[in-house]
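Some questions on how terms are applied to a model follow, each with its answer.

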Amino acid sequence: MALQEQLDRFKKQQQKCQSTLTSIAASKAATSKKSTPIAPAVKFSNDTERLQHINSIRKAPVGAQMKRVIDLLLETRQAFTPEQINEACYVDMKSNKDVFESLRKNPKVHYDGERFSYKSKHDLKDKSQLLYLIRKFPEGIAVIDLKDAYPTVMEDLQALKAAGQIWLLSNFDSQEDIAYPNDPRVPIKVDDEIKQLFRGIELPRDMIDIEKDLQKNGMKPATNTAKRRSAAQIQGIPSKPKTKKKKNEISKRTKLTNAHLPELFQKLNGS
């Protein structure tokens, strides 16, 4: 019995030692996992990309940097100091004297000694000033000289045209629009020689020929007869027949006053 008790006691000690060893191994494994750091993925910061973008702008040619500044001035219509321009579009004019001097002398830029601003050919602010300027040019003013006056100038030109206050005509050679005043108060004197030349011109009978002559002389026809006729043929619309003028013939009801001209009444007598 004493021997059996000793064997049982030995088995319990072995089991206890085994559980102790198992717990020690588990604790070591957990410690090793915690101590091993996981390296994060390496990424370029947004600041790095921004600095690369700024560097590419400042290394660009002088003309490219000037265009960047002029576009800023045109879009905002505000005055900027060199420091503000650097913050807005990354062009450092203090470090690049060529850009500074070129902008200072540019006809599209105004520099007051402190700030840069956009300078249009005509200093206009609204539609009323635009109309007042156009009325100063009875011979017409090019739209290209007006389009950068202020942001909504093109919309105002179309509004003045729709209201019948100006004319917008295209130059056939340059394909540019010319604005003309439509104001009865504007005196337009035409020489008598020009009037005679105008009245002496024999117009073609076909409207298509008239349109061709207008185009040859640099004017844009208001109609397109060839297109209209082609559309009419496709839709099967017959062209209007030419009405024949009724000849003035003498009938029995005509009051005869020229009895001394008998040849006029031969047809009447024959009827």
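Q: Why is Lys-108 called partly exposed?
A: Its relative accessibility is 31%. Partly exposed lies between buried, under 20% relative accessible area, and exposed, over 50% (1.4 Å probe, protein chains only), so Lys-108 counts as partly exposed.

Q: What does the model rest on, and how are residues numbered?
A: This is a predicted model, in which local features need pLDDT of at least 70 and side-chain atom pairs count only at pLDDT 80 or more, while totals for chains, interfaces and linings use all residues. Residues are numbered from 1 along each chain as its sequence is written, and side-chain values use heavy atoms, with hydrogens and water left out.

Q: What makes Lys-108 and Asp-148 a salt bridge?
A: The term requires a side-chain nitrogen of Lys or Arg within 4 Å of a carboxyl oxygen of Asp or Glu. Between the side chains of Asp-148 and Lys-108 the N to O value is 2.7 Å. Asp-148 is in the loop between β3 (141-142) and α7 (153-162) and Lys-108 in the loop between α5 and β1 (109-111), so the pair ties together parts 40 residues apart in sequence. Helices (H or I, at least four residues) and strands (E, at least two) are DSSP runs, numbered from the N terminus.

Q: What places Glu-101 and Arg-104 about one turn of the helix apart?
A: Both are in helix α5 (residues 97-105), three residues apart. Glu-101 is partly exposed at 32%, as is Arg-104 at 38%. The whole structure has eight salt bridges.

Q: Which residues make the contact of α9 and α10?
A: Helix α9 (residues 207-216) and helix α10 (residues 225-235) pack at about 145 degrees, with axes 9 Å apart; axes are lines fitted to C-alpha atoms, for helices over the stretch in contact, and angles run from 0 to 180 degrees between N-to-C directions. Met-207, Ile-208 and Glu-211 of α9 meet Thr-225, Ala-226 and Arg-229 of α10, contact meaning heavy atoms within 4.5 Å.
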